[in-house]
Amino acid sequence: MKKTGAISTTVSALFWVALTYAAWRLLDWGVLNAVFRPDEPACHALERSGACWGVITEKIRPLLFGRYPHDEQWRPLLALPLMLLGAGALLWRPWAWSLRGVLWGTGLLSATVGMLMHGGVAGLVVVPSDQWGGLPLTLILAGLTMALSVPLGIALALGRRARWPWVRWACTAFIEVTRGVPLVMVLFMAAFMLPAIIPARFEVSLLWRVMIALTLFSAAYLAEIVRGGLQTVGSDQFDAAKVMGLSGWQTQRLVVLPQALRAVLPALVSHAIGLLKDTSLVMVVSLHELTGALSLSLGGDPQWRPYYLEGYLFVAAIYAAMCLSLSRAGSRVERHWLATGGQQ
């Protein structure tokens, strides 16, 4: 026992020594020897002994806004806090909202952001969606995809448990086929196959084709998460609702779904975080969201191209902040439901 304890103590000590050394090296590289001003000769003189954070200062506009016209970038700059405030209001105090309030708030926010980004009203210059990019595009893709895929996923989950065989088969086939295909393939099909299928008079922009693909893909996974929650609701709940005179839809809406969604809340939050990160894959079909905007801004500039690492660390920090916020919001909702027994 003494020998085992000595080995454990030695391993722990070595771990903390290695961790302290790594932390010191990171501090030395990232702060003490770093260059924070956009001075490429000073960065080059470091010879990678320190970080060149000046690349972020130099490329902040194309990194955050992609190919959006320079003179109109005040519009996505205004749309960003609107989206963040709207998401914060919805995620951090969801129990203060009614369903009607959520629908109206989401619709109003989407219309306002769409008007700012696209233009064509109030004297704003039209900016086609293929010029949108950066952080606003990431938030638009993640937010709208989640908002659209949640009701579709719930409908698919209920359809998979429906009494009618043809509804069950159709929903099951869609879910299994969609989950069996990589997301990259779905994006390529939306970008290159749909234009060949859709008649020319019904032309749909690349952004909306990708949005549809992400929504369908997300809904298939959400359907299985929700179906798992539905299986936790006992048959006695249905009997009690029937005794109270509730219709089938009222039973689902007022009794079954609240319990099912509460049971799978951690899985729903995890899916939302995964969906937020999956938006980075749209760069393969030439939509330059936050990660794609980084490649776009540095790829054509040989002067600043060597400093990709600092750029990716900056982008990673933004993603980490957004994912942490989603995780904290989910924990707040879960604690609220536990404290109130699910009563709104």
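A residue counts as buried when its relative accessible area is under 20%. The views below come from a predicted model.

**View 1. Glutamate 72 and arginine 75 form a salt bridge between two buried residues.** The two side chains meet with 2.9 Å from N to O. Glutamate 72 and arginine 75 are both buried. Side chains of opposite charge can pair when their charged atoms come close. The count for the structure comes to eight salt bridges, and the next two views show others.

**View 2. Arginine 160 meets glutamate 176 in a salt bridge.** The distance from N to O is 3.1 Å. Arginine 160 lies in helix α6, while glutamate 176 lies in helix α7, which covers residues 165–179. The pair links distant parts of the chain, 16 residues apart. Arginine 160 counts as buried because its relative accessibility of 18% is under the 20% limit. Glutamate 176, at 36% relative accessibility, counts as partly exposed.

**View 3. Arginine 160 also meets glutamate 224 in a salt bridge.** Here the distance from N to O is 2.7 Å. Glutamate 224 counts as buried, at 17% relative accessibility. Salt bridges with shared partners join Arg160, Glu176, Arg179, Glu224 and Arg227 into one network.

**View 4. Phenylalanine 15 and tryptophan 16 form an edge-to-face aromatic pair.** A search of the whole structure finds six aromatic pairs. In the pair shown here, the ring centres of phenylalanine 15 and tryptophan 16 are 5.5 Å apart. Their planes stand at 75°, so the pair is edge-to-face; the cut-off for this class is over 60 degrees. Phenylalanine 15 has a relative accessible area of 48% and is partly exposed. Tryptophan 16 has a relative accessible area of 53% and is exposed, because the limit for that class is over 50%.

**View 5. Tryptophan 29 and tryptophan 53 form an aromatic pair that links distant parts of the chain.** This pair is edge-to-face, with 6.0 Å from centre to centre and 70° between the planes. Tryptophan 29 belongs to helix α1 (residues 2–32). Tryptophan 53 sits in the loop between α2 (40–46) and α3 (54–65). The two residues are 24 residues apart. Tryptophan 29 is buried, with a relative accessible area of 16%.

**View 6. Arginine 163 places its charged end over the ring of tryptophan 164.** The charged end of arginine 163 is 5.2 Å from the centre of that ring.

View 7. Two or more lining residues come from each of the helices α6 (134–160) and α11 (248–263). Helix α11 gives the largest share of the lining, five residues. Sorted by class, the lining has seven nonpolar, four polar and two charged residues.

Terms used:
Residues are numbered from 1 along each chain as its sequence is written. This is a predicted model: local features need pLDDT of at least 70, side-chain atom pairs count only at pLDDT 80 or more; totals for chains, interfaces and linings use all residues. Side-chain values use heavy atoms; hydrogens and water are left out. Rings of Phe, Tyr and Trp (its six-membered ring) pair if their centres lie within 6.5 Å; planes under 30 degrees apart count as stacked, over 60 as edge-to-face and the rest as tilted. Buried means under 20% relative accessible area, exposed over 50%, partly exposed in between (1.4 Å probe, protein chains only). Helices (H or I, at least four residues) and strands (E, at least two) are DSSP runs, numbered from the N terminus. A charge sits over a ring if NZ of Lys or CZ of Arg is within 6 Å of the ring centre and within 35 degrees of the ring normal. Ala, Val, Leu, Ile, Met, Phe, Trp, Tyr, Cys and Pro count as nonpolar, Asp, Glu, Lys and Arg as charged, and the others, Gly among them, as polar. A salt bridge is a side-chain nitrogen of Lys or Arg within 4 Å of a carboxyl oxygen of Asp or Glu.
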